[in-house]
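Colleague: I have the sequence and the coordinates open. Can we go through the fold together?

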Amino acid sequence: MGRLYNKAIYNFDEPVKSYWEDISSPDQSNFPTLVGDHECEVAVIGGGFTGISTAYHLAKDYNCDVRLLEAGHMGWASSGRNAGFACIPATKLSINQLFKTYGENETKLFFKSQVEGVDLLQEIINEHQIDCEQAGSGNYDVAHHPTAIDELKSWGDDLQKHFDIKTKWIPQEEFDEIGHQSTEQFGAVWMEPGFAMNPMAFLSGFVNAANNFGAKLHARSNVIKWEKHEGVHKLITKEGSLKAKKVVMATNGYTDESLHKSFAKRIMPVLSNIIITREMSDEEFDLQNYKTLTPICNSREILYYYRRMPSNRMLFGTRGDTFGDDKSALKMKEFMTKCFRGVFPHWKDIDIEYYWRGTIVYTRDWTPSVGSLEDDPSVYFSYGYSANGNNTTVYCGKKLSELICASNTGEVNLPAIYKGLSPKFPFAFMRLWMLRFMLSYYRYFEQNKREL
């Protein structure tokens, strides 16, 4: 089993028709396809934020001979087409679950690292003067139903109490004035770390920075075979090959599980779907009193995430598609449009101009996985960011560069929550059916809750 979804999801030759692709597609002239036989010290598979951050820091901090292989064009995958939220945390486990499993000290280190990831993302934007339409301050979690209020209040209190993260509870009436009005707004917790951005524009600046520091990046260079002979890895593409002493697996949701047996059956790629409206007038935004540019997630189990963009469009996203073919895409767009209009009923006539999808990844233990293989320490990996990848990826890429170049023992200052391969899914061939059951259950649960 190579990949879970319909083959349409993995058509690396065709750009995804996203809003970001339309307005911010990066110049590909510096990233030629790998042709012929080459060698390097470190090879990186995957040109998303994890791979780019690894290559960037290897070249910048260690003057390392590094090459990166991306299957599509730079920005083809989810790093170039997500919603642009920089937010925390990269896990679906509660604070109490993290305390119980990893202990209080390691959990505190994990949340500290999450804030460091947001700060690192901001530093890269500032250092390279990347114009990525940065907007908003922090993040909002909105209670979509009265029953979610107490849990969100406790979440904000715990972030402040245990991790010194600034938060504020905003009652419904106040958020009506400073945030927005909707059918699913019963108060919100604001947390300080984070912002919104155009992810493709950031990626374009980031890959150029990595290239300028000496990393060699190759677009349209899908790795179709991975061999190892006498301690040397050989990555084979359609038009060339690359030998390296060390390899970084940084493919996340588009991982070909047949490429290396160590990574098979360890991820649950989940399709996340986004719609974007036409440009709206201030008067139209006033219909829902929508004021803020700060990104928002709500408290649904299958969450809605949305934001007003600097271009005066609305972005709205959720999960749901579990097939990946064109027919399911059409159904998902119709479903999301209905959800969007249900939350913001005064926008029932606002046209939807864009729809697209891409994968996020959950692991069986609901935490990111970072490190090197126990049986082959020359192979490194990072994946599984639980839909909080924009800042976590750049942090993990930097940590991988330290693992590769700055550590003689294989240890770096990395919280235990990240370390090691995630456990395999039992009955992995049934992962999509498990996902479909879970999504159906949560939709039923939410529907019954609303009818109480």
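The questions below go through the sheet, its helices, some loops and a surface patch.

Colleague: What kind of model is this?
Modeller: Keep one thing in mind throughout. The model is predicted.

Colleague: Which strands stand at the edges of the eight-stranded sheet?
Modeller: The sheet is open, with mixed pairing and the order β5-β6-β4-β13-β14-β15-β12-β16. An edge strand has a single partner, so one side of it is left without a neighbour in the sheet. The strands at the edges are β5 (167–170) and β16 (352–362).

Colleague: What does the twist average from one strand to the next?
Modeller: Take the sheet in its order, β5-β6-β4-β13-β14-β15-β12-β16. From one strand to the next, the twist averages 20°.

Colleague: Which residue in β15 is the bridge partner of Y306?
Modeller: Strand β14 covers residues 305–308, and β15 covers residues 314–319. They run antiparallel and are joined by four bridges. In β15, Y306 has as its bridge partner F316.

Colleague: What is the phi of N312?
Modeller: N312 sits in the loop between β14 and β15. Its phi is positive, though N312 is not a glycine. The value is near 65°.

Colleague: At what angle does helix α5 run to β5?
Modeller: Helix α5 (residues 149–163) packs on the sheet. It touches β4 (139–142), β5 and β6 (188–191). Its direction and that of β5 make an angle of about 160°.

Colleague: And helix α9: what is its angle to β16?
Modeller: Helix α9 spans residues 326–343. It lies across β12 (268–277), β15 and β16. Its angle to β16 is about 105°.

Colleague: Which peptide bond is cis?
Modeller: Look at P89, in the loop between β3 (85–86) and α3 (95–102). Omega is about -5° for the bond in question. That cis bond joins I88 and P89.

Colleague: What is the phi of R220?
Modeller: R220 is in the loop between β8 (216–218) and β9 (223–229). The residue is partly exposed, at 38% relative accessible area. Its phi is positive, near 50°.

Colleague: How much accessible area does the nonpolar surface patch have?
Modeller: The patch is formed by F427, F429, M430, W433 and M434. M430 belongs to the loop between α10 (389–405) and α11 (431–450), and is partly exposed at 35%. Together, the patch residues have about 610 Å².

Conventions:
Residues are numbered from 1 along each chain as its sequence is written. This is a predicted model: local features need pLDDT of at least 70, side-chain atom pairs count only at pLDDT 80 or more; totals for chains, interfaces and linings use all residues. Side-chain values use heavy atoms; hydrogens and water are left out. Patches are made of residues with over 30% relative accessible area and no salt bridge: like charges are joined within 9 Å, nonpolar side chains (Val, Leu, Ile, Met, Phe, Trp, Tyr) within 5 Å. Accessible areas come from the Shrake-Rupley method with a 1.4 Å probe; for residues, only the protein chains shown count as cover. A salt bridge is a side-chain nitrogen of Lys or Arg within 4 Å of a carboxyl oxygen of Asp or Glu. Helices (H or I, at least four residues) and strands (E, at least two) are DSSP runs, numbered from the N terminus. Buried means under 20% relative accessible area, exposed over 50%, partly exposed in between (1.4 Å probe, protein chains only). Two strands pair if DSSP finds at least two bridges between them. Axes are lines fitted to C-alpha atoms, for helices over the stretch in contact, and angles run from 0 to 180 degrees between N-to-C directions. Contact means heavy atoms within 4.5 Å.
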